[in-house]
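Student: I've got this fold open on my screen and I'd like to talk through what the labels rest on. Can we go through it together?

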Amino acid sequence: MPGTSPGKKDPMIDSQFKENKLGELYYYTIPSFTETGLVKHGFSSRLGGVSQGEVASLNLGFKRKDSADNVKKNFQIICQALGIETRQMVFSDQVHKDRVALVDETDSGKGFDRPSDIRGCDGLITNRPGLALVTFYADCVPLYFLDPRQRAIGLAHSGWRSTLAEIGKKTLLAMQEYFATDPSDCLVGIGPSIGQCCFEVDRPVAELFTTNYPKYQAELVKKKAEKYHIDLWSLIRLQLINAGIREENITLASTCTACNNKVFFSHRADKGKTGSLAAFLMLV
Ligand SMILES: [Zn+2]
């Protein structure tokens, strides 16, 4: 792992995600997804791109302090590594809510080569091969879904608001509705994102969690001085298991983007001056 200071624990040691290195480029994959042979997928790091300054170097956000040319070059780099063509991508338009959009081949290129009419959606689902779902991150939690039986996929951006709104469960419900997905067949990946170590909030936000999950508040919300630390990973895991996902089918990255902001863009650790990571998932 590059960029970690001596003596600091390697963030991927306890991770169930796989670290992949290609020259300067680092990206992360979910072994159970790879084993199916049904998808191309990955989660980017901030390493291996062409951008400079606060968005150095693999910035994948067009809305960041970066040129569109650099962002396009960065997409070429990561897509080539993942075996995805940039024209196959469709972007979400994330608003920290719980809506999920069903997309198909008519949506390919939206957000990248042409304007998108997909608005207000934090989740994307499809059963069409050759369409790469793409969602964006800088601390929020990426959720990957693969139904190997019905050959369908989903990606969801689960920040704290969307986590309270149970976007993971809503993505599964949409897959059930459109693809007859049985959650007990599904594989799920919970990607690199802000951990309980760094996700510090004030009391009003903490209370939203303790009110909604009174039974689990001791584990999910830890008080440190006057602040509260929320465990989004455990909460999402709990929500997914309650929605019918088998515990053994969940792969957890257990990697905090804020602790490791030399490897990942982190809104919190970089105080808003940062770039954008992306999650990619495509049926082959
Ligand atoms: Zn941390």
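Student: Which residues does V188 touch, leaving aside those up to four places away in sequence?

Tutor: V188 touches L143, Y144, F145, L240, I245, N249 and I250. Keep in mind that this is a predicted model. A touch here is a contact, with C-beta atoms within 7 Å.

Student: What makes V188 stand out in the largest nonpolar core?

Tutor: That core has 81 residues, and Y144 and V188 touch the most other members.

Student: Where do the strands around there sit in their sheet?

Tutor: The sheet is open, has 6 strands and runs in the order β5-β6-β9-β8-β10-β14, with mixed pairing.

Student: Why are β5 and β14 said to stand at the edges?

Tutor: β5 (100–102) and β14 (250–252) each have a single partner strand, so one side of each has no neighbour in the sheet. On average, neighbouring strands of this sheet are turned by 15° against each other, ignoring direction.

Student: How do you know that β8 and β10 pair?

Tutor: Pairing needs at least two bridges. Strand β8 (residues 141–147) and strand β10 (residues 187–190) are joined by 4 bridges, so they qualify, and they run antiparallel. For one of the partners, look at L143, whose bridge partner in β10 is I190.

Student: Which helices pack on that sheet?

Tutor: Helix α4 (residues 167–179) touches β5, β6 (123–126), β8 and β9 (152–158), and its direction makes about 155° with that of β9. Helix α7 (residues 232–242) touches β8, β9, β10 and β14, with its direction at about 165° to that of β10.

Student: What is the strand order in the open sheet that contains β1?

Tutor: That sheet has 6 strands in the order β1-β2-β3-β15-β7-β4, and its pairing is mixed.

Student: What makes β1 and β2 a pair?

Tutor: Two bridges would be enough, and strand β1 (residues 18–22) and strand β2 (residues 25–29) have 5, in the antiparallel sense. K18 has T29 as its bridge partner in β2. The two strands form a hairpin with 2 residues between them, and G23 in the turn has a positive phi of about 65°.

Student: How many bridges join β7 to β15?

Tutor: There are 6 bridges between strand β7 (residues 132–137) and strand β15 (residues 277–283), which run antiparallel. L133 has L281 as its bridge partner in β15. Across β1, β2, β3 (39–44) and β15 lies helix α2 (residues 68–82), running at about 50° to β2.

Student: Is D139 buried or exposed, and why?

Tutor: The cut-off for buried is 20 or more other C-beta atoms within 10 Å. D139 has 26 C-beta neighbours inside 10 Å, so D139 counts as buried. D139 is in the loop between β7 and β8, and its phi is near 125°, a positive value in a residue other than glycine.

Student: And why does A180 get its label, buried or exposed?

Tutor: Exposed means 12 or fewer. A180 has 12 other C-beta atoms within 10 Å, so A180 is exposed. Its place is in the loop between α4 and β10, and its phi is also positive, near 55°.

Student: What about T106, buried or exposed?

Tutor: T106 has 10 C-beta neighbours inside 10 Å, so T106 counts as exposed. You'll find T106 in the loop between β5 and β6.

Student: How do you know whether the radius of gyration agrees with a compact globule?

Tutor: For 284 residues, a compact globule would have a radius of gyration near 19 Å; the protein chain has 18 Å, so the two agree. Buried residues make up 48% of the chain.

Student: Where should I be careful with the model?

Tutor: Look at residues 4–8, where pLDDT stays under 50. Where pLDDT is low, the predicted coordinates should not be read in detail. The protein chain averages a pLDDT of 95, with 96% of the residues scoring at least 70.

Notes: Residues are numbered from 1 along each chain as its sequence is written. This is a predicted model: local features need pLDDT of at least 70, side-chain atom pairs count only at pLDDT 80 or more; totals for chains, interfaces and linings use all residues. The radius of gyration is taken over C-alpha atoms; the globule rule is 2.2 Å times the number of residues to the power 0.38. Axes are lines fitted to C-alpha atoms, for helices over the stretch in contact, and angles run from 0 to 180 degrees between N-to-C directions. Two residues are in contact if their C-beta atoms, placed from the backbone, lie within 7 Å. A nonpolar core is a set of buried Ala, Val, Leu, Ile, Met, Phe, Trp, Tyr and Cys residues joined through C-beta atoms within 7 Å. pLDDT is the predictor's confidence in each residue, from 0 to 100.
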